[in-house]
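Please look through the sequence and the fold shown here before reading on. What can be said about the way the chain packs?

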Amino acid sequence: INAEYMGIPFSVCALIGSVQNEILDNLSKDVTMPNHIDWKVAEVLIETKLAPLLKENNISEKDYLPITQEKPAPTAHRIVNIREFESGIVTDFTRTSSYGDYLGLSQLLSCQKPLSESPDELLFIIQHQTSELWLKLMLHEAQVSIQHLREDRVRNALKPLARIRQIQDTLTKQWSVLGTMTPPEYIVIRPVLGHASGFQSYQYRAVEFALGNKNPDMLKPHEHTPNIHRLLQELLNAPSLYDEYLMYLSRKGHDIPQSVLNRDFSQPYVQNESIVEVLKGIYTHPNKHWEEYEFAEKLVDLDENFGNWRYKHMTTVKRIIGYRIGTGGSSGVPFLEKALAFSFCPELWTVRSVL
C-alpha cells in the first residue's frame with residue numbers, strides 16, 4: 001500500500017501500518033518467482049481488516065493505493081556514481097603524513113624499470129617484487145615465532161604461524177597471475193633478464209633456512225654481496241623453527257636425543273627414528289600433550305603450504321618456458337621438481353604411518 005498520510009494522526013498511521021504488515025506477512029511467496037504475490041489472499045485481508053479501519057477513520061480511497069489494484073511495475077534501481085565529500089576528510093598534509101608519505105609510494109612505485117619494449121615485462125617485475133615483500137614479512141613472522149618458542153610462549157608462537165599460512169596462500173595464488181604470460185610473451189623479455197633468476201632471491205633462501213631447509217651450497221650465489229651473505233650465514237648456523245620445536249619438546253620432558261639437540265644446524269636435517277617415537281606418544285595422547293600436539297599440526301600446515309607453493313611455482317615455469325634451461329643456469333623444471341620432496345619436519349609426516 002502506497003499511503004499518503006498527510007494530515008492523518010500518527011496513531012492512525014501506526015494502526016494502518018500494523019494491518020498492512022499483517023497483510024504482507026500472510027502473502028504467499030513463490031520461491032521460483034520472488035516478486036509473485038497471491039493477490040486473492042491480499043484482497044480478503046483488505047476487505048476484512050484494512051477497509052473497515054480506513055472507513056472508521058474517514059480515510060477515502062484517494063488517500064491510498066489499494067493493493068488490489070494491478071501491481072505497479074518495479075522501479076529500476078538507479079545507480080548514483082557519486083558520494084558526498086564529507087567535511088571531516090583531511091586534505092591538508094603540511095603537518096602530517098599522507099598515505100603515500102607513510103608507505104613511501106614515490107620510492108616504491110619508481111622501482112619498476114622495464115628494460116624491454118614489451119608491455120608484459122611490468123607483470124613479470126611486479127610479480128617478483130610483490131613476492132619479495134611477502135617474503136620479507138614471512139621471514140619477520142618466522143623469527144617472531146622462533147623467539148616466542150625459545151621462551152616457551154607457545155600460544156604467542158602460534159599467531160605468527162597463522163599469519164605465515166595466509167601469506168603462503170597469497171604467494172601460491174599469485175603464480176596464477178604470472179601464468180597469464182604466454183611463452184611468446186616471455187621469450188620477448190627473456191634476453192633482458194641476463195642471468196637474473198628467482199633462485200638468487202636471498203629472502204627466499206632466508207625463509208627456507210629459518211624454517212629448516214639448510215644447505216651451505218645455497219650461499220654461493222650471494223658471495224658477491226657481503227652483507228647479504230653474512231645474514232644468510234647467520235640464519236644457516238642458527239636453529240630453525242623445527243629445531244626450536246624439538247628443543248621445546250626436550251624442555252617439556254620428552255626424550256629428544258642429544259645428537260639432535262647439539263647437531264650442526266648449518267647442515268641439512270636428517271630424520272631421526274627416536275623423534276618419530278616421541279611424536280607417536282604426543283599424537284597418541286593429544287589431550288595430555290595439547291600444546292606440543294597443536295604446534296606440531298601448525299608446522300605440518302606450514303610445510304604443506306610451502307609444498308603447494310613449490311608445486312605451483314614449478315607448473316607455472318613449465319607452462320611458460322617448458323623444459324628450457326633456467327636463466328640462472330639450472331636445469332629449470334627438473335631442478336624445481338626435486339624440491340617437491342623437501343620437508344621442514346619429516347618426522348611429523350612419518351609419524352602418521354605408525355599411529
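Predicted model: local features only at pLDDT ≥ 70, side-chain atom pairs only at ≥ 80, totals over all residues.

Residues are numbered from 1 along each chain as its sequence is written, and side-chain values use heavy atoms, with hydrogens and water left out.

The protein chain has 15 helices and 0 strands (DSSP runs of H or I with at least four residues, and of E with at least two, numbered from the N terminus). Of its 355 residues, 39% are buried, meaning under 20% relative accessible area with a 1.4 Å probe, protein chains only.

The largest nonpolar core has 66 residues, and Tyr242, Tyr245 and Phe295 have the most contacts inside it; such a core is a set of buried Ala, Val, Leu, Ile, Met, Phe, Trp, Tyr and Cys residues joined through side-chain atoms within 4.5 Å. H13 gives the most to this core, with 11 residues. Apart from it lies another core of 7 residues, including Ile16 and Leu53.

Helix H8 (residues 202–211) and helix H13 (residues 290–321) have axes that come within 12 Å and cross at roughly 150° (lines fitted to C-alpha atoms over the stretch in contact, with angles from 0 to 180 degrees between N-to-C directions). That makes H8 roughly antiparallel to H13, a term for angles over 145 degrees. In contact here (heavy atoms within 4.5 Å) are Tyr204, Val207, Glu208 and Leu211 of H8 with Leu302, Phe306, Trp309 and Arg310 of H13.

Terms used
Parallel < 35°, antiparallel > 145°, perpendicular 65-115°, else oblique. Buried < 20%, exposed > 50% of the residue type's maximum accessible area, 1.4 Å probe, protein only.
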